[in-house]
Amino acid sequence: INLIAETGGLNCLIADSSALTEHIVEDVINSAFNSAGQRCSACRILCIEENVYEKTTSMLKGAVDTLTVSSPELISTDVGPVIDKEAKEKINYHINSFVNKYQTSSLNNKGYFVNPTIIEIKNLNEVKDEIFGPVLHVMSFKSKNLIELCQQIDSLNYGLTIGIHSRIDRVINTVINNTNVGNTYINRNIVGAVVGSQPFGGHKKSGTGPKAGGPEYLKKFCYEYSVSNNIVAMGGNVELLSKISD
């Protein structure tokens, strides 16, 4: 029996200096904080080329400040609560273990709300597990170390989604050729694959391959058999072939 599963991931988005900063910020906000970050494909780590790191993180913090954390019943709400008390405690424990962090100015400490948080890290190894909530880790990288960054992303042992924000084909192709993930998004957010038209699934700890719709999904239920009507190959046993046909 085939097991078909998708189990989340430490999804990264790589942005280089050729990308439009406003475009990066909009897509990262949607990818990291929509649904209070409770999406398997949500952006967990943002990798920014070092020469635009300060500009991008500054604009990103400004965008986070505009988010309203409140009840989903209100149309003005941008970020609702996480699923339960246990989830809130786990997320806050993770946040509090870091020193360099930034939270929205629209704080809400009631119920199961977790305030959208940006955590600055120096290395991908600082993030050990998927944190299923409105938490984004950001780090800088050198353009000359892009392949090394891809290798580090692969070493996280997840492989669900990855995003690339760049206007340089060479950069895009380098990331695609050096990462092993189920879904790659280019110059857009990394959430919202359309079931039935876009195969969705992950590798390694992120799942067993195509899961949510598309022609590749059906193949996961199939086994391949070879059937021959070659009499010579069957030892010339015409009687046996006749019985098989019946």
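## Cores and parallel strands

The largest nonpolar core holds 31 residues, and Ile14, Cys47, Leu124 and Leu149 have the most contacts inside it. A nonpolar core is a set of buried Ala, Val, Leu, Ile, Met, Phe, Trp, Tyr and Cys residues joined through side-chain atoms within 4.5 Å. Buried means under 20% relative accessible area (1.4 Å probe, protein chains only). Helix 4 (146-155) is among the elements that supply at least two residues each. Helix 4 gives the most, with 4 residues. Apart from this core lies another, of 29 residues, including Ala15, Ile29, Ala36 and Ile190.

This is a predicted model: local features need pLDDT of at least 70, side-chain atom pairs count only at pLDDT 80 or more, and totals for chains, interfaces and linings use all residues. Residues are numbered from 1 along each chain as its sequence is written, and side-chain values use heavy atoms, with hydrogens and water left out.

The protein chain has 7 helices and 9 strands. These are DSSP runs numbered from the N terminus (helices H or I, at least four residues; strands E, at least two). Of its 246 residues, 45% count as buried.

Strand 2 is largely enclosed by the rest of the structure, because 7 of its 7 residues are buried. Its pairings are tabulated; two strands pair if DSSP finds at least two bridges between them.

| Strands | Sense | Bridges |
|---|---|---|
| Strand 1, strand 2 | parallel | 5 bridges |
| Strand 2, strand 5 | parallel | 5 bridges |

Cysteine 12 has isoleucine 45 in strand 2 as its bridge partner. Leucine 46 stands opposite valine 138 in strand 5.

Notes. Buried means under 20% relative accessible area, exposed over 50%, partly exposed in between (1.4 Å probe, protein chains only).
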